[in-house]
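Dear colleague,

Please look through it once before you read what I found.

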Amino acid sequence: MDMLTIGAFAKACRLSPKALRLYDELDLLRPARVDPHTGYRYYAAEQLERARLVAWLRRVGMPLAGIRRVCSLDAAAAAVEIRAYWARVEAETALRRDLAAFLVDHLTEEPGRDTTMNTLELRYCAHSDRGRVRPANQDTTYAGGRLLAVADGFGPAGAPASSAAVEALRFLDTREIPAGGVLNVLEEAVQGATRAVRDAAGGAEEAGTTLTALLWTGSRLALVHIGDSRAYLLRDGELFRITHDHTVVQSMLDEGRLTPEEAASHPERTLLLKALTGTAATTSAPDLRLHDAHPGDRYLLCSDGLPAVVDDGTIKEVLTVSPTPDEAVLALIAAANEAGGPDNIACVTADVVKAAA
């Protein structure tokens with residue numbers, strides 16, 4: 001077996017001797033032989049491929065625990081793991097990019113300049129329907145001049161949980177919030193909603209709710225999202241989904257382990273990875289984002305009872321042809337019921353329009 005000193009091995013794999021000693025201690029990259037008298041490390045040439053993989057993964061920022069997992073897998077499985085890691089990085093980077101862009105705009109805005117604040121307003125409608133199969137409605141909706149929200153409860157206390165989550169946010173509808181502090185205010189409000197859900201669920205882990213809400217500042221919309229309810233934006237004739245489902249199936253799609261066709265019929269397609277639940281141990285942090293509003297935008301918030309049976313093409317068509325938010329909401333709920341209505345259906349639609357003079 002060809003042996004390389006730690007210095008020669010470090011040069012060949014582009015890892016420093018210090019890093020190699022650390023990876024030895026962490027049982028990530030053990031030397032082939034250690035001199036019993038001097039303690040000097042020697043590596044086999046066959047270890048270079050693993051060492052180079054470790055070096056590459058460190059360059060993309062993967063934590064050591066993730067690298068250890070990747071190195072334990074075969075090539076195909078390792079590729080899936082790396083793809084999933086990078087998808088998470090890109091999602092997190094997108095959130096930070098949006099926030100950074102907002103902060104730059106906010107900090108460089110001329111003092112006293114009259115922007116779109118108070119020149120735009122929302123016209124809205126909210127409604128939920130039991131559907132044609134479920135014995136009760138566990139969905140809750142709310143729409144006001146500043147706040148739009150949808151919550152989809154689950155478990156034995158699903159209805160009280162969803163109602164409690166939305167009720168905990170309703171104070172935002174009567175409070176004027178500067179654009180610069182909207183994310184902090186919304187995050188604090190969601191913490192209150194989390195506590196309210198725990199009280200409503202009585203500490204039951206199997207009970208909880210999704211929550212998707214938009215908070216209006218007069219020029220921007222702040223989004224909070226956890227679970228598999230959705231938010232869509234219809235802008236200039238194109239439909240965009242602006243939330244990411246926190247489900248097992250969506251994670252498998254992100255990792256390339258499922259096709260969209262397979263996901264649609266997957267037996268665990270409703271299994272949530274994140275939600276507001278009855279216990280702290282199973283509640284995760286929500287997504288928070290900012291969106292600039294344009295006159296003519298139409299937003300839709302809905303529980304999964306709509307997209308589960310009505311495809312995005314139909315949703316786009318209904319949103320496009322419906323003259324008012326009221327008509328859009330009723331048409332979407334009718335479409336879900338015509339498709340069987342297997343779940344509760346909650347919809348909130350809001351148009352961004354120029355404020356009346």
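The structure, which is a predicted model, holds three aromatic pairs, and I will begin with two of them. A pair of this kind is described by the distance of the ring centres and the angle of the planes. For F9 and Y43 the ring centres are 4.4 Å apart and the planes stand at 10°, so this pair is stacked, given that planes under 30 degrees apart count as stacked. The pair also links distant parts of the chain, since F9 lies in helix α1 (residues 6-13) and Y43 lies in strand β3 (residues 41-44), 34 residues apart. Both F9 and Y43 are buried.

The pair of Y85 and W86 is tilted, with 6.4 Å from centre to centre and 50° between the planes. Are these two residues buried or partly exposed? Y85 has a relative accessible area of 12% and is therefore buried, the cut-off being under 20%, whereas W86, at 39% relative accessibility, counts as partly exposed.

Another ring to look at is that of Y42, because the charged end of R33 sits over this ring, 4.7 Å from its centre, where the cut-off is within 6 Å.

In soluble globular proteins, nonpolar side chains tend to be buried together. The largest nonpolar core here has 26 residues, and those that touch the most other members are L169, L172, L211, L215, A222 and L276. The elements that give two or more residues to this core are β6 (147-154), α6 (158-167), α7 (182-201), β8 (211-216) and β9 (220-226), and of these α7 gives the most, with eight residues. If you select L172 and leave aside its neighbours within four places in sequence, you will find that L172 is in contact with R146, I177, V185, L186, A189 and L215. There is also a second, separate core, which has 23 residues and includes F9, C13, L15 and M62; F9 is thus a residue you have already met, in the stacked pair with Y43.

Finally, strand β10 (residues 230-235) and strand β11 (residues 238-241) pair in the antiparallel sense over four bridges. Within this pairing, L234 stands opposite L239 in β11. The two strands β10 and β11 form a hairpin with two residues between them, and D236 in the turn has a positive phi of about 55°.

With best wishes

How values were computed. Residues numbered from 1 in each chain as written. Predicted model: local features only at pLDDT ≥ 70, side-chain atom pairs only at ≥ 80, totals over all residues. Heavy atoms only, no water. Core = buried A, V, L, I, M, F, W, Y, C linked by side-chain atoms within 4.5 Å. Buried < 20%, exposed > 50% of the residue type's maximum accessible area, 1.4 Å probe, protein only. Contact = heavy atoms within 4.5 Å. Pairing = 2+ DSSP bridges. Phe/Tyr/Trp six-rings, centres within 6.5 Å; stacked < 30°, edge-to-face > 60°. Lys NZ or Arg CZ within 6 Å of the ring centre and 35° of its normal.
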